[in-house]
Amino acid sequence: MAFADELYKAAAPIDRRSSRASCVCAALLAGASVAGAAELQGAALRDAVRGWRAQHEVVLLREFAELLAIPNVASDAPNIGRNAEHILRMFERRGAKGRLLDGEGGPPVVFAELPAPGARRTLMVYAHYDGQPVDPARWSSPPWTPVLRTAPPDQGGRAMALDALRPGQIDPEWRLYARSSSDDKAPVVAVLAALDALQAAGVTRSVNLKFFLEGEEEAGSPHLDKVLAKSAALLQADGWLLCDGPVHQTRRMQVYYGARGVTGLEITTYGPLRPLHSGHYGNWAPNPAVQLAHVVAGLRDVEGRITVAGFYDDVRPLSEAERAALAAVPPVDEALRESFALHQTEAAGAPLVERIMLPALNVRGLESGAVGERASNAIPSEASVSIDFRLVPDQTPAKVRARVEAHLRGQGFTLVDHAPTARERRDTPRLLRLHWEPGYPPARTALDLPFSRAVAAAVEEGQGAPIVRMPSLGGSIPMYLFAQATGRPIVGLPIANHDNNQHAADENLRLQNLWDGIESFAALIARLGPLLDGGAGAQPRGAEAERFASRERAIDSRASDSTDEGRAAGAPGRSSVSPRGPSAGIHFRREPAESLEAAR
Ligand SMILES: [Zn+2]
């Protein structure tokens, strides 16, 4: 607390080199508007924010450390509540009006609003303040005792006392170690620092800001849909920024526009009721492990292609904009192959970014009998495989389930959803037990919507360098919940380093990532309004403008299925990426109630 107050007492004399700077600041603090500063953009804006940050690094890290010192596992109700209160106060100190929204059975959501006088647009910023559970024995220092280190502990990093540091002494390659230093308290601190830097520089906010900070993301967001539904009126915004996840492996900032969906399946095959001597009964009693191997081989080939009939029918082809964005992603495949010791990759070496735009069937594990020391000459009684499917628009868990089950029945299998009795095993031909995890659908926002383009343009302006536009994360986050609840474009803006030990011991944030995050948020807050209203080439013209307008109308209507025209007719592969026009809109179509229910 003391550190944070210090931040405000300092009244932040900014370090822009002009003598006007301190006058601007003083005038702004007195409530006057300053035209010159209000129009700062590009390099001048970046310099102002960077200069402020350089002067305030120490106080900023201390405020961050105070927040990180509060344990934040979602199930730890007293401490998660302390986090929420603490964050609320951080926002209120910046003049935001905030409150805690009822978590509908989960931790409260911190909601805050910071209107910008005269602004027509509203940006919603999402992050989560809870973190993964910890195993302190595996940490180099206690997880909720933040430690600033000069390098990772296993590379000889030294701990630097925050109290003893002065501005100008901090190396941007140093890292702050604590649970949630990156995932996901970093964006909270970065956006607040951006507000401070803009205020100090006398820069007007160009958009109204709203903040929605969740407290149980790492617990699977079981109450998020209820909170979103209940607070719909409060949560109106032109678009949402999901501030979670890592930047690109090249350390470039990236924005992402989608996430794959996910569902899980366990299949069990059955042999004799108990293991049998393989000499006496081999060639006679069916072997469930061999049956299972054939089942798996019938679902996907060694190149990753899923061989379930019709599986790719629901895959929406990539739009022009998505294909252009993928082509511009800096290549990382060679470096990754080196670090993972992979001689070859699937699909004849197709690039990773292309592969994560497609559905995937992954074998998580296989189990039957035993190997090594424990192996015995026996025919096992059962064999199981655990599978995860990654889904892309317009697949859903329900459709995947229907296709996989139809495929297996077509091969003559009888499917049950429970552990079969001895009688069922005796009487049923080609028996398979299927156990499905509910999972949830994918989501994707079109890259060429005005909001999508303006966010990327603002972040790029903030960085003064190209950023990565990623049409979809390979991983799964329940982005669809936001898309379905709000009908607005959802864009991801992560700031954490990719090598942050996310969810593991020694989670850390590389300081340069925090600095980059501050500059990105500052540019967004200062520039998103004009960029949305047609500045910096974000506004399309002529026929293109009409297309964008009709797409925005489609989103506003929240009712149409705008994806049919872009639906893939055949299976996608490298050669089947459709040259047809951009698929329209974000994936906001409402799923039937039962599949939504299943997706929780
Ligand atoms: Zn996260």
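This is a predicted model: local features need pLDDT of at least 70, side-chain atom pairs count only at pLDDT 80 or more; totals for chains, interfaces and linings use all residues.

**Stop one: the zinc site**

Start at the zinc ion, whose site is irregular, with angles of 54 to 146° among its 4 donor atoms. Residues are numbered from 1 along each chain as its sequence is written, and side-chain values use heavy atoms, with hydrogens and water left out.

Now select H128, D183 and D244: the donors are H128 (NE2), D183 (OD), D244 (OD) and D244 (OD), at 1.9 to 2.5 Å. Donors here are N, O and S atoms within 2.8 Å of the metal (3.2 Å for Na, K and Ca); water is not among the atoms, so sites may look incomplete. Along the sequence the spacing reads H-x54-D-x60-D. H128 sits in strand β3 and D244 in the loop between β8 (239-242) and β9 (254-256), 116 residues apart. (Helices, H or I of at least four residues, and strands, E of at least two, are DSSP runs numbered from the N terminus.)

Is H128 buried or exposed? Buried, at a relative accessible area of 0%; D244 also counts as buried, at 10%. The cut-offs are under 20% for buried, over 50% for exposed and partly exposed in between, using a 1.4 Å probe and protein chains only.

**Stop two: the core**

Next, pick F91 and F521, the residues with the most contacts inside the largest nonpolar core, which has 84 residues. Such a core is a set of buried Ala, Val, Leu, Ile, Met, Phe, Trp, Tyr and Cys residues joined through side-chain atoms within 4.5 Å. Around F521, show its contacts (heavy atoms within 4.5 Å), including P187, A190, L241 and I495.

**Stop three: the largest pocket**

Finally, select L473, G474, G475, S476 and I477, the closest to the centre of the largest pocket among its 41 lining residues. About 1000 Å³ of space lies in this pocket. A pocket is an open set of points on a 1 Å grid over the protein atoms alone, with protein on both sides within 12 Å along at least five of seven lines, and lining residues have an atom within 4 Å of a point. Points are joined across faces, edges and corners, and volume is the space filled by probe spheres set on them.

Notes
Four donors count as tetrahedral if all angles lie between 85 and 135 degrees; four count as square planar and six as octahedral if opposite donors are over 155 degrees apart and all others between 65 and 115; anything else is irregular. On a 1 Å grid over the protein atoms alone, a cavity is a set of points where a 1.4 Å probe fits but cannot get out, and a pocket is an open set with protein on both sides within 12 Å along at least five of seven lines; lining residues have an atom within 4 Å of a point. Lists of a residue's contacts leave out its neighbours within four places in sequence.
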